[in-house]
Amino acid sequence: MTKQWWHDKVAYQIYPKSFYDSNGDGIGDIPGIIRKLDYLQDLGVDILWLSPCYPSPLADQGYDISDYYNIDPRFGTMEDMEQLIAEVKKRGMYLLMDLVVNHCSDEHEWFQKACQEPDGKYGKYFYLRDKEEGKLPTNWRSAFGGPAWDDMPGTNKQYLHMFHKKQPDLNWENPQVREEIYKNINWWLDKGVDGFRLDAIMNIKKALPLHDYAPDREDGLCNIGAMLQEAKGIGEFLNEMRDQTFRVHNAFSVGEVFCAKPDNLPGLIGENGYFDSIFDFNAAMFGFSPNGWYDCSPVTPDEYRDCCFESQKRAGSIGFLANIIENHDWPRGASRYIPEGDRCPESKKMLAALSFLLRGIPFIYQGQELGMENMAFTSMDEVDDVSSHGEYQVALKAGLSPEDALKAVSTFSRDNGRTPMHWSDEANAGFTTGSPWLKVNPNYTAIHAAAQVHDPDSVWSFYKKLIALRKNPVYKETIVYGSLEPVWQNRHNLMAYYRKGDKTILVIGNYQKQGQDVELPAAYQEILLNNYSDVSQDGCTIHLHGYQALALAF
């Protein structure tokens, strides 16, 4: 494997709207991010990924972009962005933007011009079909519920939207569309951005000609994934984009790719892959039901372990996965992967260690380093997320009571990760002096940065130790490039693996409240990491405390 500048880095995702508000309007902004750069540098992260801050009607919280060349006034100005780029570079860090090019906003000038002249140049930028009364072009269901086709204003056409109706899909089959997208990517890279996270990127290739699939719900529609499974030839688009943009600038690209098949991984993240990394969603997606959130299952400790090891086995030495516990589209990891009643600093640290020391590039989502948890929503009026409102209706139609439907939404809502960052125990968690755009989690008084950054035993301090271990010159080569070998895979509620390179490291996590013993093959040389103050042992037998995590050097 050719070594690249991003291999040994640690990434941190910022959701700008909820990170830090500098002007008291209740919305996080770019000047707020600049003010918190020293906090991020102190933690030790290298790469910052910003969720979209382009102009947008916010139908899908910025993932509906109306202008790819500007900054939304809610978040600041282009001068603020240029200052952010400069301040990030000054600290030896890197900046990723979010690349959202499967679709744009219906308020983008391309779509507006397409509405004016659907058979003209810009009509070919989208998937348009003549409207037939009582019939849809295809029976695809959008990701947010309902048909994936909607009437195009002022025309006799319908347009495809795989997500919200205000997010018309771009027609990548049109070389003019691709040329415009590459032009924009290079514009940002020339400005000093160091790479991109690619949103919903595998959706850009449709199975042609467009046609129906077997319905999978009573609405007569089908999950759009059926079409994506049939689509062929996306590699031509992705190779072209890589060669005309990222490779020219030695930029880092990480793809949002779901359900990647093992034989596709070399093309995705291999030596000459389309991307430098893709997110591992194996654990995140486990237990999800095609019926909807109300029918999803919790993830047990053994299932979490098996999901991680399955992904690691598939990736092998092909390339690097981007390892996540949570992000802006998922519930909080502490609430998703730690059994209810067991969420505490020790269990959160254990989860961090088990994920962070896997082979791949660790991604931290804002607040994860504090152990932030899901929000207990008391009403749908507190929920902003469009997909949550769609899933609430799905649950009601399935016969759930409003109370149970709300509980299902509270468990899986994307707003769990979008509640404002907890900076202190002051009003609104120190996020804003105004009224926050989304309700602050009431537990901020117990979980916040001000208390944790000065506490050597806090979750935050443990993350700082994890990052420092990954960068330790003695162990860095092994942690970054070494192989991963699972051990004790059949032990209930235990996750353990070796990292082997020029050193040998054993990572162990007792994934339960009760103590558990493990027999080491030999005496260890050094304790590299421990989320407790002690290690109880008799010879080579270690008596693990509940949720104890250890990294041992041999």
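Colleague: How many bridges join strand 19 to strand 20?
Modeller: Three, and the two strands run antiparallel. Strand 20 covers residues 541–544. Strands here are DSSP E runs of at least two residues, helices are H or I runs of at least four, both numbered from the N terminus. This is a predicted model: local features need pLDDT of at least 70, side-chain atom pairs count only at pLDDT 80 or more, and totals for chains, interfaces and linings use all residues. Residues are numbered from 1 along each chain as its sequence is written, and side-chain values use heavy atoms, leaving out hydrogens and water.

Colleague: Which residue is the bridge partner of Gln537?
Modeller: Ile542, in strand 20.

Colleague: And what's the strand order in that open sheet?
Modeller: 17-20-19, with antiparallel pairing; strands pair if DSSP finds at least two bridges between them. Strand 17 (516–519) and strand 19 (536–538) are the edges, each pairing on one side only.

Colleague: Switching topic: which residues have the most contacts inside the largest nonpolar core?
Modeller: Tyr12 and Met81, in a core of 143 residues. A core means buried (under 20% relative accessible area, 1.4 Å probe, protein chains only) Ala, Val, Leu, Ile, Met, Phe, Trp, Tyr and Cys residues joined through side-chain atoms within 4.5 Å. Helix 17 (residues 459–471) supplies the largest share, seven residues.

Colleague: What does Met81 touch?
Modeller: Not counting residues up to four places away in sequence, its contacts (heavy atoms within 4.5 Å) include Ile30, Leu50 and Trp188.

Terms used. Buried < 20%, exposed > 50% of the residue type's maximum accessible area, 1.4 Å probe, protein only.
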